[in-house]
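Visitor: I've got a structure to go through. Can you walk me through the sheets and the chain contacts?
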Amino acid sequence: MKRRSKFQIPPGEAVGIVAAQSIGEPGTQMTMRTFHYAGVAEHVPTGLPRLIEIVDVRKEPKKPTITIRLKKEYAKKREIAEKVAYEIESIFVKDVAKIIEDVEKGIVVVRFDKIAGEQLGITKEMLLKSIKKGKRKIQEKGEDIIIAVDEDKGKKDEKGEKPKLFSKAKKVRKLFEKISNTLIKGIKGISKAVILEEEGEFIIRAKGSNIRDVIKNKYVDPSRIYTNNIKEIEAIYGIEAARNAIVKEVKDVLDMQGLTVNIRHIMLLADVMCSEGIILKVGRHGLAGRKRSVLARAAFEETIQHLTRAPVIGEEDPLIGTTENIIAGKTVPVGTGRVLLEFTPPKTKEKTERKKRK
Amino acid sequence: MEDRTIVYLDGKLIGFHKDGKALAQRIREKRRINEIPYEINVYYKEKTNELFINTSRGRARRPYIVVENGKSRLTPEIYEKLRKGKLRWSHLIKMGVIEYLDAEEEENIYVAKSEEELTEEHTHLEIDPSTIFGIVAGVLPYPEYNSSPRITMASSMAKQSLGLYASNFNMRYDTRAYVMYYPQRPAVETDVYKTLELWKRPAGQNFVVAVMSYKGWNMSDAVVINKGAIDRGLGRVMMLRTYETEEVKYPGGQKDIIELPNPSVQGYRGEEAYRNLDEDGVVIPESEVKEHDVLIGKTSPPRFLDEVSIFGAIEEKKRESSVVVKGGEKGKVDSVVLCEAPSGNRLIKVRLRLQKIPEIGDKFASRHGQKGVIGLIVPQEDMPFTKDGIVPDLILNPHAIPSRMTAGHLLEMLGGKASCLEGKIMDGTAFSGNVEEDYKKILESYGFEEYGEEELYDGITGKKIKVKIYVGVIYYQRLHHLVSNKIHARSRGPVQLLTAQPTEGRAREGGLRFGEMERDTLIGFGVSMIIKDRLLDQSDKSSQLVCKDCGSIAYKDHIKNQVSCPVCKSTNIVEIEISYAFKLLLDEIKAMGIFPRLIVDKKVNMEW
């Protein structure tokens, strides 16, 4: 009990500022260190870039990764993990075939690459099937699959001019892009699945993130799946899950650098970010932009916009926050400034008794 | 096509050649026999099979001796002719003995450091190995004994040293200049130093240095200095500062007048301030002046025309605009110049001479990146001394040496000591200067410890110090960071006109900014009253009248002796305490066309 009360925060403590400073100070050290990790290019961003990513709530992190755990009953079977990994890993036409574009004839030729196909477990039939899905006219000519661009046979446009050649080239290019990026199998966005062993359990870690489709797999445990895409967690699992994800992600970044920040500071950050039911960015477009006081908002960023908008809606500033009060030259309602009335409570029975016992 | 060399001239492709390497060699040969100008450089890039010929300007180039078949083209015969003055540098270039190479062509060559190590493979010979350093680093003694960061630091600090910056300093009127009283020629010099004849404009003095601790007063790169040495002129510098003013002519026939201002002039500084002025309104040379004393008395016409009465009573409303000595400065008037500005106006320059005697906090440095500030000035009696009665000028902390690896500093100390005994200037040129052995012999022959150690006696107790102390003579520079030019404090003082907040900067006697992050720390600590004290009470606190009815800033009419609101004419007005900057903010918002209202609820007593 004594220990607990010692760690209680007294009323009026400026927890926000303390949290900001506690995260910010090690953050400055991070800037110096992260940029010295030269050479390691293909890496999930850590350190400051990742921290900025989290705090800015990017729609998708630079390197989204997904960690998939299987349902308890399958978790210890390697074959199943391999099977799942194979099923989710996405393979595109461009991975198993050579694609040639012919502008003159207005066709795109797809040539199946047997060696690549074998390695990735793709047959020509699968390739054909996926291309056919697009309901395109397909001609097979030996090894080649020929797809033609549908021509608008001399159809005249509004100005009465015939379509130019470059429009045809454009179409071919478009088709080429479309075919190269046609999915043969797997889940959209997921690639490079790797199986890892962790505490006797086989888990799959993959590049890209697409929880919505991955949990459709019958072996995957939807309650133990994880991604570093916080926005996605919020969309599927809700705000509380997102809040926990923010805490975890921030803590991971700091731990990796060997920095110790009390978790409560990070939790406060996550709580504030999620306090409105959706994740808010820290900054002009998020948290700071939602401050109650005009003066506080104007002092932060976009001064003129805030000041000109205020009279339009007839804003009133009751001077509750910190910034406003400093501007107006009042004491800040924080710490000693919060105390308006001093009152010494009469000694309660309980307390006196406890004293006696001592 | 692929086995052909691509040839570029000044970056432009001009053609192909079947053997680029041979072509480069031919161009070089032609250049050496003067068929091609010596400014041309060729570079053959083996990796990509490309040949670059450069003729453009702006390439940094440096000379090398050409080597052929492992033999220097600078033969003893040529060298002899050179010594006798029959040949000159330009002849050597024409003869192909020496050639200039640019950064690119350097990639194709193999340079020998000295003639002894020449082999068949070498293509060039360094004229002298110490020329690999630039002008500034070339002046430093024994750079090969020091770690490279220290050389860099020494190079940049040498530029901050005070000495004899120009021999005609007496005729110059630089806004700020420093001249050392007794500059000395260093006891250990380099070839570059001699070539540049820098001893004609030295920037430092040879200090007797003891490497020991002095009661902790020289910890963390501080140094202890001998008071007696300072009194004898060690490190003494004079600062010359020029003040100037021009008699400007204004449109409308008015102009400034340089004169002894009349007491009726607006902004008169009091008789005391003008006491050094001559009849013509300019100070008398060699008079002693201190801060805020007038150097040039000047009066200007009023700033606004409407101040002048219609009856032409201009004289009475003149403004005082004299030139005064800057805050914190004290010295003598060195000289006065009366001349004409390019604009044709009368121009007056007054040069002030200020003595800058070394004081605690002034910065000194040797030529090995070993800088330090004075931590204590000790009377000569209290300094340690040797059995011969030698008292060090400066005591350096031994901790300054090992981690920085400036062995050159120690060697220069030894060299300087030997130099003083022998009466000869020693050579500290990189790679070829005198070595430790040379100094040992000299020291020994004069009865000194060969490693430069001395038995010292404590100046205070008179007892012998138990260990031997390394004592030597080394060239020290006084660097241009003087405490007297930086010292600054403020309790109350001038405020800015617009915001009523304290001014910024030493020149304006300003305060130190209590910034946003400092504010955050106080919020984090929860001390609201201190925040208010810093940001309001000690800054731009002001009392304003506010209309209770409409919320605008009201005013007091002193003639009618009543308060009223300029917007709604109400007299229901209260007084509030806000920062002047906030009032200014409200005014600026009003200027944007927005009407901010201050809603005053009740009078809160903020006094606790």
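Visitor: Start with the open sheet in chain B. In what order do the five strands come?
Guide: This is a predicted model. The order in chain B is β10-β14-β22-β21-β16, and the pairing is antiparallel.
Visitor: Which are the edge strands?
Guide: β10 (176–180) and β16 (288–289) of chain B. Each of them pairs on one side only.
Visitor: How many bridges join β16(B) to β21?
Guide: Two. β21 covers residues 331–340 of chain B, and the two strands run antiparallel. B:Glu288 has B:Lys332 in β21(B) as its bridge partner.
Visitor: Now β5 in chain B. Over how many bridges does β5 pair with β7?
Guide: Five, in the antiparallel sense. β5 spans residues 61–68 and β7 spans residues 98–102. Within that pairing, B:Arg62 has B:Leu101 as its bridge partner.
Visitor: And β9, how many bridges there?
Guide: Two bridges join β5(B) to β9 (residues 124–125), again running antiparallel. B:His124 in β9(B) stands opposite B:Val66.
Visitor: What about β6, in which sense does it pair with β5(B)?
Guide: Antiparallel, over two bridges, with β6 at residues 71–72 of chain B. The bridge partner of B:Val67 is B:Ser72 in β6(B).
Visitor: How many residues lie between the strands in that hairpin?
Guide: Two residues separate β5(B) and β6(B). In this hairpin B:Asn69 takes a positive phi, near 50 degrees.
Visitor: Switching to the interface. How many residues of chain A are in contact with chain B?
Guide: 25 residues of chain A, in contact with 24 of chain B.
Visitor: What area do the two chains bury?
Guide: Chain A and chain B bury about 1800 Å² between them. Carbon and sulfur atoms account for 73% of it.
Visitor: How many salt bridges across it?
Guide: The rule finds zero between chain A and chain B.
Visitor: Which elements of chain A give two or more residues to the side touching chain B?
Guide: α2 (15–34), α14 (303–313) and α15 (322–328) of chain A.
Visitor: Which one gives the most?
Guide: α15(A), with five residues.
Visitor: Last one. What's on that side of chain A by class?
Guide: The side of chain A that touches chain B has 13 nonpolar, nine polar and three charged residues.

Key
Residues numbered from 1 in each chain as written. Chains lettered and ligands numbered in written order. Predicted model: local features only at pLDDT ≥ 70, side-chain atom pairs only at ≥ 80, totals over all residues. Heavy atoms only, no water. Pairing = 2+ DSSP bridges. Helix = DSSP H or I, 4+ residues; strand = E, 2+ residues; numbered from the N terminus. Contact = heavy atoms within 4.5 Å. Buried area = accessible area lost by both parts, 1.4 Å probe. Salt bridge = Lys/Arg side-chain N within 4 Å of Asp/Glu carboxyl O. Nonpolar A, V, L, I, M, F, W, Y, C, P; charged D, E, K, R; others polar.
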